[in-house]
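Please walk through this fold with the structure open beside you.

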Amino acid sequence: MSKVLIFDDDRDILELCSIILRKKGHEPVIETNSKNVIEKINETAPDVILMDIWIPGIGGEEAIRLIRNNSVTKHIPVILFSANNNIEAIAKEAHADHYLKKPFDIATLNNVISKALSSTVLKS
């Protein structure tokens, strides 16, 4: 069972993602802010991180920079997600592995999670 750490402050998105991920056999772990992002990652040991760009605290972009600059967390695939029209460029600039544009459908979420998990296997 893969563990997916979801950073988002929208309770509806968190609930929807959790339901979808559980149905696919993943274990979702939710966080509603990005404060102490490295500590939260170290506590949960996720296989994939789903990061909202507008997450309260330090924000998604800065959180990804911290993840990438930490030797323990830098290998974990990060999916940046947002309704921002420039999400692809923002994800690239922030060094996210993947991006997901809101609103998204179930198949798209499952596909991006699968791609991220596949990249984990390849990097190992």
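Helices (H or I, at least four residues) and strands (E, at least two) are DSSP runs, numbered from the N terminus. Residue numbers start from 1 along each chain as its sequence is written. The model is predicted: local features need pLDDT of at least 70, side-chain atom pairs count only at pLDDT 80 or more, totals for chains, interfaces and linings use all residues, and side-chain values use heavy atoms, with hydrogens and water left out.

Start with the sheet. Five strands form an open sheet in the order E2-E1-E3-E4-E5, with parallel pairing. Two strands count as paired if DSSP finds at least two bridges between them. Strand E2 (27-31) and strand E5 (98-101) are the edges, and each pairs on one side only. From one strand to the next, the twist averages 20°. Axes here are lines fitted to C-alpha atoms, for helices over the stretch in contact, and angles run from 0 to 180 degrees between N-to-C directions.

Now follow the pairings across. Strand E1 (residues 3-7) pairs with E2 in the parallel sense over five bridges. There, phenylalanine 7 stands opposite glutamate 31 in E2. E1 also runs parallel to E3, joined by four bridges. On that side, phenylalanine 7 stands opposite methionine 51 in E3. E3 and E4 are parallel too, and pair over four bridges. Methionine 51 stands opposite leucine 80 in E4. E3, H3 and E4 make a right-handed β-α-β unit. Right-handed means that, with the strands pointing away from the viewer, the path from the first strand over the helix to the second runs clockwise.

How enclosed is E3? Five of the five residues of E3 are buried, so the strand is largely enclosed by the rest of the structure. Buried means under 20% relative accessible area, exposed means over 50%, and partly exposed lies in between (1.4 Å probe, protein chains only). In a regular strand, side chains alternate between the two faces of the sheet. Both faces of E3 are covered: Val48, Leu50 and Asp52 are buried on one side, Ile49 and Met51 on the other.

Next, the cores. A nonpolar core is a set of buried Ala, Val, Leu, Ile, Met, Phe, Trp, Tyr and Cys residues joined through side-chain atoms within 4.5 Å. The largest has 21 residues, of which Val37, Ile49, Met51, Ile67 and Leu80 touch the most other members. E1, helix H2 (37-44), E3, H3, E4 and H4 each supply at least two residues of this core. The largest share, four residues, comes from H4. Another core lies apart from it, with 18 residues, among them Leu14, Phe81, Leu100 and Ala116.

Helix H4 (residues 87-94) lies across strand E4 (78-82) and E5, running at about 155° to E5. Contact means heavy atoms within 4.5 Å. Leaving out residues up to four places away in sequence, isoleucine 49 touches several residues, including Leu5, Phe7, Ile41 and Ile67.

Last, the charges. Side chains of opposite charge can pair when their charged atoms come close. A salt bridge here is a side-chain nitrogen of Lys or Arg within 4 Å of a carboxyl oxygen of Asp or Glu. By this rule there are six salt bridges. Lysine 102 pairs with aspartate 52, their closest N and O atoms 3.1 Å apart. Lysine 102 lies in the loop between E5 and helix H5 (106-123) and aspartate 52 in strand E3 (residues 48-52), so the pair ties together parts that are 50 residues apart in sequence. Lysine 102 and aspartate 52 are both buried. Asp8, Asp52 and Lys102 are linked in a network of salt bridges.

Aspartate 97 forms a salt bridge with arginine 68, with 2.4 Å between the closest N and O atoms. Aspartate 97 lies in the loop between H4 and E5 and arginine 68 in helix H3, so the pair ties together parts that are 29 residues apart in sequence. Arginine 68 is buried, at 18% relative accessible area, whereas aspartate 97 is partly exposed, at 30%.

Finish in helix H5, where asparagine 110 is found. Asparagine 110 is buried, with a relative accessible area of 12%. Beyond its neighbours within four places in sequence, asparagine 110 is in contact with Ile20 and Lys24.
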